[in-house]
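Have the model open as you read.

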Amino acid sequence: MTEFDLFIQDCHVLLPDFTILPNAAIGIKDSRIALLESDTTNSGSYTSREIIDGDGKLAMPGFIDAHTHAAQQLLRGSVVDELPMVWTRILVPFENNLTPEDVYRGAMLFCIENLKAGTTTFADAGGPFMEMVARAAVETGMRGLITRSTMDSGSDIPDMMKEDTRIAIRNCEQLYKDWNGAGVGRIRIGFGLRQAMTSTPALLEAVAARSKELNASVHIHLAEHMAEVAHCLTNYMLRPAEWFDHFGLLGPNLIAAHCVRLSDREILLMAERGANPVHCPHSNLGNHGFSKTPLMLALGMNIALGTDGASATRLNLFEPMRLLKFAMQARHGVDINDPLALPAQEVYKMATQGGAKAVMLEREIGKLEVGMKADILLLDIERSHLTPTAHLPKTIVTAAGPDDVCDVIVDGKLLIHNREFLNLDEERIRYEAGQAMLEVGRRAKLSLESPF
Ligand SMILES: [Zn+2]
């Protein structure tokens, strides 16, 4: 008789090919999916320490938010409807006044918000005190690829936020040494560059070299806005992606957030190099522009999705999936009468398998198959906006939301059951984050309203 650590019985399963396996059972052992089969009549021959009734639920892979900023959790509500330059007026004083404790409290809230929405893995592009983000991910049970954002130049950046190039690299290496592999392997550390305008050539060179030596990811903001394109053209006579390529930074280990101001030539270059664009439709549609996603897909590129943090949106990947699909339809489909500018299956893939590949974990997460890590969410599908439906996977993309998530498993551990955390005090975490928000607001002289 097989013994599992956790067993989900009588659920439906969303398979990697966007079809449904009905009335299935999932057996989890040693943090991995050890059994996934459609016939539950054999379930009598299994035992399990813990059993979840999956009746009326759909098992899906946990979502992967491939571009976010945990340290901006306490900025929620501060940047909405603000006039330029949000970066210099709000973001810089905010980040500059964060303490390690603020970051920790914000990151705890960040993790519980993500987990409740079924996001089980995040790729953090960086902010101050990233060790506190790693600590929060370890404590909450999330999986994360965490990078320290580095800046060693830039006219808009106060001197105290810039680092000497060598110190910046040394700090990244220290974070790697202290936290890579923490949380029983759930935490991985990569290298980060904020963006082209805040990096000297020496920093780009050093990050390219060290990340290759350690086989680590590099997380950057790329082709996010026109000022960055103008900066690269003016100073280097190259466009941003070409400038990064000059240092060998475009590769399968590159997570390139936004990518909305790329030329077709740059897209081709990124496709050749296997780099991973991450679209963040909430940010991009707000002030940066439309991506050329259909062209990227036609070139076979791996694309992921991100939220870009909580400052202007809700942390979940249901909304970005929907938003990107309809934005691409409006931009690239309507004029040429093409209803398939961005099919539902492709955008779903971005939020799961695409994210997994972007964080170099495609053999571990992003799909439900035997042998994969058990990062699973259960969606309550017995809801009026989801069923009955002629095509459940397409309905998930177009109609499901974070409030439909009822159970969440990461690395084989059940963290949320019936929408409640089993080991975390959500109310306390929210209260403490609220206190931290007030304190950082006072120090940064930002008019952050009472968070309650
Ligand atoms: Zn970002």
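## β14 and its partners

Strands β14 and β15 (residues 405-410) pair in the antiparallel sense, with 4 bridges between them. Strands count as paired here when DSSP finds at least two bridges between them. Within that pairing, I376 has I409 of β15 as its bridge partner.

β14 also pairs with strand β5 (residues 57-61): they run antiparallel and 5 bridges join them. I376 turns up again here, standing opposite P61.

## How covered is β14?

Mostly covered: of the 5 residues in β14 (residues 376-380), 4 are buried. Buried means that 20 or more other C-beta atoms lie within 10 Å of a residue's own; 12 or fewer makes it exposed, anything in between partly exposed, and C-beta atoms are placed from the backbone.

## The whole chain

A note on the model: it is predicted, so local features need pLDDT of at least 70 and side-chain atom pairs count only at pLDDT 80 or more, while totals for chains, interfaces and linings use all residues. Residues are numbered from 1 along each chain as its sequence is written.

The protein chain has 14 helices and 17 strands; these are DSSP runs numbered from the N terminus, with helices (H or I) of at least four residues and strands (E) of at least two. Of its 452 residues, 52% count as buried.

As for overall size, the C-alpha trace spans about 65 × 50 × 45 Å along its principal axes. Take contacts (C-beta atoms, placed from the backbone, within 7 Å) between residues at least 6 apart in sequence: 73% of them join residues at least 24 apart.

Definitions and conventions. Contact = placed C-beta atoms within 7 Å.
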